[in-house]
Amino acid sequence: MASDRPENLEQDEHSVLAPGHTYASVTDKISAIALTSPFRKSWIFGLAISFLLTLMLLTTITAVLTQGVGLFGIRRPVMWGFDIVNFVWWIGIGHAGTLISAVLLLFRQEWRTSINRFAEAMTLFAVACAGLYPLMHMGRPWYFYWLTPYPNTMALWPQWRSPLVWDVFAVSTYASVSLLFWYVGLIPDLATFRDRSKNRFSKIIYGILAMGWRGSAIHWHRYRTAYLLLAGIATPLVVSVHTVVSLDFAAGVVPGWHTTIFPPYFVAGAIYSGFAMVLTLAIPLRRYYGLEDFITSKHLENMAKILLVTGLIVTYGYALEAFFAWYSGNTFEQFMMKNRATGPYWHTYALLILCNCTSVQILWSKWARTCVPLLWVLSIVINIGMWLERYVIVVTSLARDYIPGAWGMYHGSVWDYSMYYGTIGLFFALLFLFIRVLPVISIAEMRELVAETRERSGGEEHGGSHDDDDQDLVASSG
């Protein structure tokens, strides 16, 4: 379903929607992906691979539940391993969805419209993957309810000094608000799918989910109010969630962790990795389904600019870590930085500097920001680098603490890797299903861009009369 229009990133570089579209053409193009497009062999192959990895995840979870967390590579002194590394990594990836949807909505940034829907879905899937890790790391995950303030009959109130309890409240709040925000935004599009679906079962399901939407003025008023209110609630969560996650480390006295720079440093890193993942998904998606008219050069360049800004903030954070270690005069902090650069994990630290700090500097060039293959490769490199960053923070500080006699090395076991790859499979399996069941781009919000694009590009010569378009809108929105 590739687009017939050749891709040219220099053309319409200030437009968030290519000219020539009407309300009906936007609706047809987006809804066809889920409602009328045949199942491609490549889509089936991708879904099959993802499900195989998901089965590997289920096998790992079963083995850990029956035999214990000793299957993982965690040993004294490194009792936090892949579980915490991957938990922080997945939570970071989920940040971009809320930022694109809520924060950019409040700032009235139109370019968010084409990418906010699958970015929100990405957030939910990433949080689902992240939530598995603290549960498995508990050792006895069937007692997970001890972390919640359930009726205190057994006198087992949560230990509020435990960072695990902080994570439960922060992540569950973040997931709940993100899910509600995503669903409210879907309601007008679910009504469109209800009216366009040819299958009776699909009509019923979409109809139930659309909650009786008929596109009346009162429906639109309530929708706008609820959507804006949820955006306002979700915005502080962008900062608060990863701040709480960073306090898991900052509350400890381990060298390299006990520092006040962690909250803003972690938030910037989360946005950095989150936007990198959005680019990783958006570029193949626009190519595979011919969405170059909707996910335009402006979207890619704006995301590249955000990558550059957040990459510079992350680089500044690395520099401050080294400066604070030197300026504090603390022997243990100075050894921590020396150990990262020259110790047994030096290659991991060098690779993360290369991926997170050096590679992103190419985005100072406009050519790099508009070169699609380069952006896609760079986004993958950044995701790898951000995983390595979490690995270095967790492992190097624990492996070399205050007492040399307690030092040890950490290496992930085969079960660590199988669970990690399994969560990647779960993430992409959910993403593949989402693409085939729900609109990957917001139809209702894309329609709002049609009139503005038509005004900029010369009016009726591109899309017929305004009356015809209004009839298309009424017909397609039910």
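The legends below describe close-up views of one predicted model, in which residues are numbered from 1 along each chain as its sequence is written. Local features need pLDDT of at least 70 and side-chain atom pairs count only at pLDDT 80 or more, while totals for chains, interfaces and linings use all residues, and side-chain values use heavy atoms, with hydrogens and water left out.

**View 1. The protein chain as a whole, with 17 helices and 0 strands.** Helices (H or I, at least four residues) and strands (E, at least two) are DSSP runs, numbered from the N terminus. Of the 478 residues in the protein chain, 54% are buried, where buried means under 20% relative accessible area, exposed means over 50%, and partly exposed lies in between (1.4 Å probe, protein chains only). When contacts between residues at least 6 apart in sequence are considered, 82% of them join residues at least 24 apart; contact means heavy atoms within 4.5 Å.

**View 2. The largest nonpolar core and W90.** A nonpolar core is a set of buried Ala, Val, Leu, Ile, Met, Phe, Trp, Tyr and Cys residues joined through side-chain atoms within 4.5 Å. The largest such core has 143 residues, and those with the most contacts inside it are W90, F118, F249, F275, L363, F434 and V440. Helix α9 (residues 262-288) gives the most to this core, contributing 16 residues. Leaving out residues up to four places away in sequence, W90 touches A126, C129, A130 and Y133, and also T423, I424 and F427.

**View 3. The packing of helix α5 (residues 116-137) against helix α6 (residues 163-196).** The two helices pack at an angle of about 155°, with their axes 10 Å apart; axes are lines fitted to C-alpha atoms, for helices over the stretch in contact, and angles run from 0 to 180 degrees between N-to-C directions. This angle makes α5 roughly antiparallel to α6, because angles over 145 degrees count as roughly antiparallel, those under 35 as roughly parallel, those from 65 to 115 as roughly perpendicular and the rest as oblique. The crossing of α5 and α6 is left-handed, a term used if the near helix is turned anticlockwise from the far one by less than a right angle, with right-handed used if clockwise. On the α5 side the contact is made by R117, E120, A121, T123, L124, V127 and P134, which meet residues of α6 including L164, V171, Y174, F181, W182 and L186. By class, this contact of α5 with α6 has 12 nonpolar, 3 polar and 3 charged residues, where Ala, Val, Leu, Ile, Met, Phe, Trp, Tyr, Cys and Pro count as nonpolar, Asp, Glu, Lys and Arg as charged, and the others, Gly among them, as polar.

**View 4. L186 in helix α6.** L186 is buried, with a relative accessible area of 2%. Not counting residues up to four places away in sequence, L186 touches R117, L438 and P439. The C-alpha atoms of L186 and A444 are separated by 8.8 Å, although these residues are 258 residues apart along the chain.

**View 5. The crossing of helix α3 (residues 82-93) with α9.** The axes of these helices come within 7 Å and cross at roughly 70°, and α3 and α9 are therefore roughly perpendicular to each other. The crossing in which α3 passes α9 is right-handed. V88, G92 and I93 in α3 meet F266, A270, S273, G274 and M277 in α9, and the residues of this contact divide into 5 nonpolar, 3 polar and no charged.

**View 6. N383 in helix α14 (residues 372-399).** With 6% relative accessibility, N383 counts as buried. Residues up to four places away in sequence aside, N383 touches W89, I93, S273, A276, M277 and T280.

**View 7. T310 in helix α10 (residues 297-328).** T310 is buried, its relative accessible area being 7%. Apart from its neighbours within four places in sequence, T310 is in contact with A268, I271 and Y272.
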